[in-house]
Amino acid sequence: MNSKIISFRNFKEIKKKPTKKTIETKKIRKTSSRTSGTKEWASSNINIQQGCKNGCKYCYAARMAIRFKRCENLKDWTSNIQTYENNITKNYRKRNGRIMFPTTHDIYINNLVNCLEVLNTLLRAGNEILITTKPDLYCIKEICDELYQYKKQIQFRFTIGSKNDDVLNTWEPNAPDFCERISSLKCAFWNGFKTSISIEPYLDSNPQGVIEIVEPFVTETIWLGVMNSRNLPKEGRELYENQKKLYSREFLERILEKCYSLANGKLRLKDSVRYILGMN
Ligand code: SF4
């Protein structure tokens, strides 16, 4: 995993640089290889399903599935969930590097038993797992109980893009509300698991508000990322147009100082943010 850590000092130095430099950096970066997306967090991914009831209107996995004709549209993605039976019963071995689970679905009551089966197999083999989810409290409690003996091998990464339920509901119509996600974070934290937060994409003008609330319960990192607008499902395109100014360099420069100070050294910038700021 290659997660470049940008300190607040780095950010202030970059902030002073002229925009021209940023444009040049962007030109160079077009030809250079870079670590981005889930590769910033883990070496490999495992999934047991394709499709997700949460129906997030920015879902990257759904975009890829639509693009490569594995599903028709976001409605299909949300309602026509396919299960990979072989991936549930497979005898996983120890892999090099951390494994992210899941990336093309979420963990919810209907697939919890199968998710636990896979996680148990992976952990028994000695793997390090990054569990990424918009957390359902019941599922998090069960995972904490069932996998307690493996807690040193597990890090939770809970996605919380806003503290405003109207905003969450607009973008992530079937995902747990803010309160449930915070309760899940506290549950994992109080059970002694490693905890981290993804504010990617941030969904409104106040990611600082999320950082302030989650920081005391985060043992590891808080990741800030913008929304990738390429190939957005049609349900997300219009919404994006109304708020794309949130993903500008100007907006980021305005909020980042506060974000750094509230995050107490835990803030990490996703590749998407570093790119906009010319920090790579
Ligand atoms: S929770 Fe993740 S996989 Fe599910 S729809 Fe949202 S972004 Fe996609």
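User: Which strand pairs with S7 in the parallel sense over three bridges?
Analyst: That's strand S8, residues 222-224. Keep in mind that this is a predicted model.

User: OK, and which residue in S8 is the bridge partner of isoleucine 199?
Analyst: Leucine 224 is the partner of isoleucine 199 there.

User: What kind of unit do S7, helix H10 and S8 make?
Analyst: A right-handed β-α-β unit, with H10 covering residues 207-214.

User: How covered is S7 itself?
Analyst: Mostly covered: S7 takes in residues 194-199, and five of its six residues are buried.

User: How many bridges join S6 to S7?
Analyst: Five, and the two strands run parallel. S6 spans residues 154-159. To pick out some pairs, phenylalanine 158 has isoleucine 197 in S7 as its bridge partner, and threonine 159 stands opposite serine 198 in S7.

User: Why is S6 described as largely enclosed?
Analyst: Because six of the six residues of S6 are buried, the rest of the structure largely encloses that strand.

User: Which way do the S6 residues point?
Analyst: Ile154, Phe156 and Phe158 point one way, while Gln155, Arg157 and Thr159 point the other way. All of them are buried.

User: What about strand S5, how does S5 pair with S6?
Analyst: S5, residues 129-133, pairs with S6 in the parallel sense over five bridges. Isoleucine 131 stands opposite phenylalanine 156 in S6. There's a right-handed β-α-β unit here too, made by S5, helix H7 (residues 137-146) and S6.

User: Switching topic: which residues are around the ligand?
Analyst: Here's the set: Cys52, Asn54, Gly55, Cys56, Cys59, Ala61, Ala62, Thr104, His105, Asp106, Lys134 and Glu172.

User: How many of the shell residues are nonpolar, polar and charged?
Analyst: The shell around the ligand has five nonpolar residues, four polar ones and three charged ones.

User: One more spot. Where is lysine 94?
Analyst: Lysine 94 sits in the loop between helix H5 (85-89) and strand S4 (99-101).

User: Is lysine 94 buried or exposed?
Analyst: Exposed, because lysine 94 has 11 C-beta neighbours inside 10 Å, and the cut-off for exposed is 12 or fewer.

User: Which residues is lysine 94 in contact with, leaving aside neighbours within four places in sequence?
Analyst: Ala125, Gly126 and Asn127.

User: And how far apart are lysine 94 and threonine 121?
Analyst: They're 27 residues apart in sequence, and 9.9 Å apart in space, going C-alpha to C-alpha.

Conventions: Residues are numbered from 1 along each chain as its sequence is written. This is a predicted model: local features need pLDDT of at least 70, side-chain atom pairs count only at pLDDT 80 or more; totals for chains, interfaces and linings use all residues. A residue is near a molecule or strand if its C-beta atom, placed from the backbone, lies within 6 Å of it. Ala, Val, Leu, Ile, Met, Phe, Trp, Tyr, Cys and Pro count as nonpolar, Asp, Glu, Lys and Arg as charged, and the others, Gly among them, as polar. A residue is buried if 20 or more other C-beta atoms lie within 10 Å of its own, exposed if 12 or fewer, and partly exposed in between; C-beta atoms are placed from the backbone. Helices (H or I, at least four residues) and strands (E, at least two) are DSSP runs, numbered from the N terminus. Two strands pair if DSSP finds at least two bridges between them. A crossover is right-handed if, with the strands pointing away from the viewer, the path from the first strand over the helix to the second runs clockwise. Two residues are in contact if their C-beta atoms, placed from the backbone, lie within 7 Å.
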